Amino acid sequence: MEKYAFSSEEQAVMERSRMPFAIYQFIDKRVCTLVLSDGFCSLFGYEDRAQAYYDMDHDMYRDTHPDDVARIANAAFAFATQGGTYEAIYRTKDKDGSGYKIVHAMGEHVYTGTGVRLAHVWYTDEGSYVENAVTHKSKLNQQLNHALHEESILQASYYDYLTGLPSMTYFFELAEAGIQAIRRAGGRPAILYTDFCGMKFFNRKHGFAEGDALLKAFSKELASQFSNENCSRFGRDNFAVFCEASELDMRLSGLLDRCRLINHGKNLPVRVGVYLGEDDAVTMSTACDRAKYACDATRNVYASRVTYYDQGMQKDAESHQYIIDNLDRALEQEWVKVYYQPIVRAASGKVCDEEALARWIDPQRGFLSPAEFIPILEESKLIYKLDLYVVDHVLQKMRDQQALGLHLDSQSVNLSRADFEACDIVEEIRERVDRAGIARNMLNIEITESAIASDFHFMRKQIERFRSLGFNVWMDDFGSGYSSLDVLNSLHFDLIKFDMHFLRRFDEGDKGKIILTELIKMALGLGIDTICEGVEREDQAKFLMEVGCSKLQGFYYCKPISLEQIVERNRQGIQIGYENPAESGYYGTLGSVNLYDLSAVARDDVSGLDNYFNTLPTAILELQDDRACYVRYNKSYEEFVQRAFGQGAVINGIDYGDTQAQYGSEFVKALLRCAHDGNRVLVDERISATSKVHSLLRRLAVNPVTGTVAIAVAVLAVTEDDPALGTTYAHIANALAADYFSLYYVDMEDDDFIEYASDASRQSLAAVRRGRDFFGTAVREAQWHIYEADRVSFAHAFSKRRVAKALNTQGTFTLTYRLIMDGKPKYVNLKAISMGPDDSHIVIGVSNVDGQMRHQEALERLQRERASFARINALSDDFICIYTVDPVTERYTECSSTLEYDKLGLLKEGERFFEESRQNGLTAIFEEDLPLFCERFTLENVLRDIERDGMYVLRYRLLINSMPTPVCLKAAIIEEQGERRIIMGVILEEHRLFSR
């Protein structure tokens, strides 16, 4: 890991601060000093800052009292490696060397914008250390001196300096005597241990001063319920209480109710553990430990709760400690084994990925499930050791697999939120993968939703770091209870893994299946791959294949096994074969087609959940040599074949030489034509003397290895001959020459319609539906899909009367408006024409013309803006460049520039003005001014200053002709023809003193 560097301006500002503080970075198990303030140098007696930096990096504890060095060094190491907060009280030499003074240090970790973790530590002078502290006037100083003299503040102070409650040592004395008195009076003693939920994040959000205020307010509530001498602050946010057990529940209820109101509403849930002191032989220390066991039993629950101790808690606590104490040994001696569970491609039935899973096989305790040790390691911030151990084994497994001549598939590893706190896990993994010589895209990073939700902004940066380095990032356990669809809108994942609870409820009805189907459909629409875990039965696997889940994982295919077992199963020929990486894209396309994505329903009397899966018959065939074979089909297609060709009919392949196979020769010709040219084909084929089947064919993909072509087939309808209907579905293909993304076949007499939708870029079948009241439906749906500014004009123009009139007089009807597509308004053109001799039926197509319209708009806008800026530029000869920026979309255009400015090589138009300007600044702006420019030059700052001052102004230096040249950027809002634009000009300031 490289040493982090602040900009020279940031470094200077922090070093000039009179507050005693330092900033450190933990690199290669050593503390590196980044910043020492003037206040720090003054507190520790440094006149030479360079000497201070040298001492902090080479002899940090040079002036620390010998009795305190080990204690604070251990605390600092734990802070650096395990995270959390840092707090230490110790003695350091006075400036003149005559004695010692007491220093109170507090620290926390922060993360830079690039994810680098830094430690900020603040120091406070608590006064001189005096051996005989009783003579000192300050009570606090007395307590600190006593504490340090005994090497622990808790051993020598009778009362906690923050809350005024008895210290732990004094509390033990008070409690021993108090419990004996309770027993003598015939009562039953109780020991309480409390802990706040999320104190670390509270301090990070509100600051330590606010955290101290919360602790003091809570201590007052404790004292009011149980009396001051019955309570103690054990450290940080932990408190203990002893009392008589009668009315305990009522007192605790009152305490928790009051805690919701303390500290002006800035508070946290409180966990309380209770041990009822029934055994006289139990010491006070042990009683407190047992109360703590009860408190910790709900440590993963973010809610106020009271828990009573039982014997099982102590056993859990011992197991908890065993895991922590033996982790390093378990990894070193390989008690932890790495197993691999295959992930199977739905379309090919081959293994396309594997997930690495850790199993602890202990020589004393036997098999430990992940649920027994992973939560403990996460809580103790040691999980990073296990996860990096798994990564190392995965990389070795991939090298071994290559040596055995097996196809190499990608491997996925699971990361915990705690990994990112304990170390720079992104860099640790990158370094290991590169050192192993494995391509980065062969390692998939699985991160759970809950981990992302715990600190969304930080985790987003880490995910972006992984993906920018070439790793695939998967969201694990989607739908496990933390789901937020907004996460998918803000973050890009390569794959979503659906939690196994979906399949646990597989037999409970269609609701769960529908939810899972729609989630898979949504993921596919976002361009995200899908896995469903927990597949245990054939019917589950078949259903997931039908709805388009592209990858499957579960015991139905294989349980997690070791590499040795994989090799042996492969030798015996019972191992699931590995997918040829060259065919991955082909089978990925086939597997991602949802065979229930065609939502038309043939009958008018069906609706709702009961008929969700009663959709159009759909199948996928593979064509190779002289035969077409079915690889996937839904239940509707299977039933269609039986109805059309008899109950005993089965779905067989089609031999091209057999012209009567399946539908007949027309269908075969259409199939081959579709396979050859890749165009969609609508085909009508007679299956009896009076019946025709209308089908839509679409080429999905071509296997790059075998040349096999995959074709999707959807049966749109089966109709009886009707002489009055002078057209067939095939006429639709000839009615419109353009490639429309939506087609409507409309009966002008009764307004019935059929919608055909396609998306050529996705190479998949889209929705087809039937309906009534076409024009009314179009106007109603306009409220949801048409850009708001165009809805009224659309409703006015698109009526049955106007369309019919245009067709009669002009032979066609056209209308241009804007649809909301991908969250943005885009221009489309609607065109309607008659169906040849059949005037009662028309075809309406909708095509995307956004590019043409935007280009035309841009030319018109540029002409208007250049006219405006010509007037502005005439007022000053100092402008070297003028931009116009849309304050909503950030689309920008350069309207004027000098030759010197053009030499900077900056873009003249684009979509993200402020982001691209900051990026361009890396080469165009003088290095010392770049941090200021990047911080201040944002859309939010520009609009705020304009609203407040009428103008935005920013001064910096551009590298014009390779020389730092002072310029001034000014921005204001103009409005012409109802459009608001930011006008932004850059002015030379060569004759001014440069200032910030």
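Student: How many cavities of 30 Å³ or more does a search of the whole structure find, and what counts as a cavity?

Tutor: On a 1 Å grid over the protein atoms alone, a cavity is a set of points where a 1.4 Å probe fits but cannot get out, and its volume is the space filled by probe spheres set on the points, which are joined across faces, edges and corners. In this structure the search finds four cavities of 30 Å³ or more. The model is predicted, so local features need pLDDT of at least 70 and side-chain atom pairs count only at pLDDT 80 or more, while totals for chains, interfaces and linings use all residues. Residues are numbered from 1 along each chain as its sequence is written, and side-chain values use heavy atoms, with hydrogens and water left out.

Student: Which residues lie nearest the centre of the largest cavity?

Tutor: Lining residues have an atom within 4 Å of a point. The largest cavity, with a volume of about 220 Å³, is lined by 19 residues, and Tyr 883, Tyr 901, Leu 906, Ser 917 and Phe 933 lie nearest its centre.

Student: Which element supplies the largest share of that lining?

Tutor: Helices (H or I, at least four residues) and strands (E, at least two) are DSSP runs, numbered from the N terminus. Here α33 gives the largest share, six residues, and α33 (913–924), β35 (952–960) and β37 (979–988) each supply at least two.

Student: What is the volume of the second largest cavity, and what lines it?

Tutor: The second largest cavity has a volume of about 110 Å³, and its lining includes Glu 108, His 109, Arg 117 and Lys 200.

How values were computed
1 Å grid on protein atoms, 1.4 Å probe; cavity = no way out; pocket = protein on both sides within 12 Å on 5 of 7 lines; lining within 4 Å.
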